[in-house]
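The points are numbered and can be read in order.

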Amino acid sequence: MRAAAVRLPGLAPLLLALAVATLGVLIVMPLGVVFSEALAKGLSRYLSTFDDPDAWAAIRLTLTVAAIAVPFNALFGVAAAWALAKFEFGGKAAILTLIDLPFTMSPVVSGLVWVLLFGAQGWLGEWLADHNIKIIFATAGLVLATITVTFPFVARELIPLMQAQGTDEEAAAVTLGAGGFSVFWRITLPNIRWALLYGVLLCNARAMGEFGAVSVVSGHIRGQTTTLPLHIEALYNDYDFVGAFAAASLLASLGLVTLVVKTALERRAGSD
């Protein structure tokens, strides 16, 4: 049931104007600048940016990192939410706090901890070097850094929903003889599918756009360890402004697509 709207004559237009102005300055204008600068020298110059092998290497690496990090975080999020929402055990508050930690910690710190652990001078650096295992300045380090900063997204979408749903349906299924996997597949998963898709969507958008954590562990090796955000920085530092904004337009487009899909998921969930 929808709550009745509160009518405050004179105040509503002011609040609406303030909201629209804020969105215009913080969202619409920056997006306009990105696309206008990307196309400042014409469509052909825009498209030529992506003829650079380093650009395609950055795009492929970004997709690879997201393709590993997002499914991992989806599995973690479902498992964590199911355990925290459906079962009682000691230490739940501590686990919830740890899940929220990446939200309160700088991404740079999230990347630095992996350098301190796996870097050449890190705790395990000498052992990794002796066994010819490379994590820092390699794809593995980028994946670890991305997972660290994005793993709360799916879990935090699912935990409140699953807590609100309670355990009545699962308990009834178990009483009727259903096994654990059957209960999850037939009852729990259908009830959380839209929240799960929404969390995965947000996780993917953050994974592809992450800069701080991956910057620390990447080493900025062009064509090898530069994701798309790092490639944008490199182009901008080289004064290739059209190329930088052209690459940035891809990430901006990802954000717009994320909003469209998010809205579609919310409408679909609301209609169920």
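1. Arg 156 counts as partly exposed, with a relative accessibility of 28%; buried means under 20% relative accessible area, exposed over 50%, and partly exposed in between (1.4 Å probe, protein chains only). Its salt-bridge partner is Asp 100, and the closest N and O atoms of the two are 2.8 Å apart. A salt bridge here is a side-chain nitrogen of Lys or Arg within 4 Å of a carboxyl oxygen of Asp or Glu. Arg 156 belongs to helix α8 and Asp 100 to helix α4 (residues 92-104), so the bridge ties together parts that are 56 residues apart in sequence. Asp 100 is also partly exposed, at 23% relative accessibility.

2. This is a predicted model, in which local features need pLDDT of at least 70 and side-chain atom pairs count only at pLDDT 80 or more, while totals for chains, interfaces and linings use all residues. Residues are numbered from 1 along each chain as its sequence is written, and side-chain values use heavy atoms, with hydrogens and water left out.

3. How many salt bridges does the structure hold? There are five. One of them joins the side chains of Lys 92 and Glu 88, at 3.6 Å from N to O. Lys 92 is buried, with a relative accessible area of 16%, whereas Glu 88 is exposed at 73%.

4. Another salt bridge links Glu 210 with Arg 206, whose closest N and O atoms are 2.8 Å apart. Glu 210 is buried, at a relative accessible area of 4%; Arg 206 is partly exposed, at 26% relative accessibility.

5. Helix α8 (residues 152-165) also packs against helix α3 (residues 53-86), at an angle of about 30 degrees and with the axes 8 Å apart. Helices are DSSP runs (H or I, at least four residues), numbered from the N terminus. Axes are lines fitted to C-alpha atoms over the stretch in contact, and angles run from 0 to 180 degrees between N-to-C directions. The two helices are therefore roughly parallel to each other, a term used for angles under 35 degrees.

6. Which residues make the contact of α3 with α8? Among them are Phe 76, Trp 82 and Lys 86 of α3, and Leu 158, Met 162 and Gln 163 of α8; contact means heavy atoms within 4.5 Å. By class, the contact has twelve nonpolar, four polar and one charged residues. Ala, Val, Leu, Ile, Met, Phe, Trp, Tyr, Cys and Pro count as nonpolar, Asp, Glu, Lys and Arg as charged, and the others, Gly among them, as polar.

Definitions and conventions:
Parallel < 35°, antiparallel > 145°, perpendicular 65-115°, else oblique.
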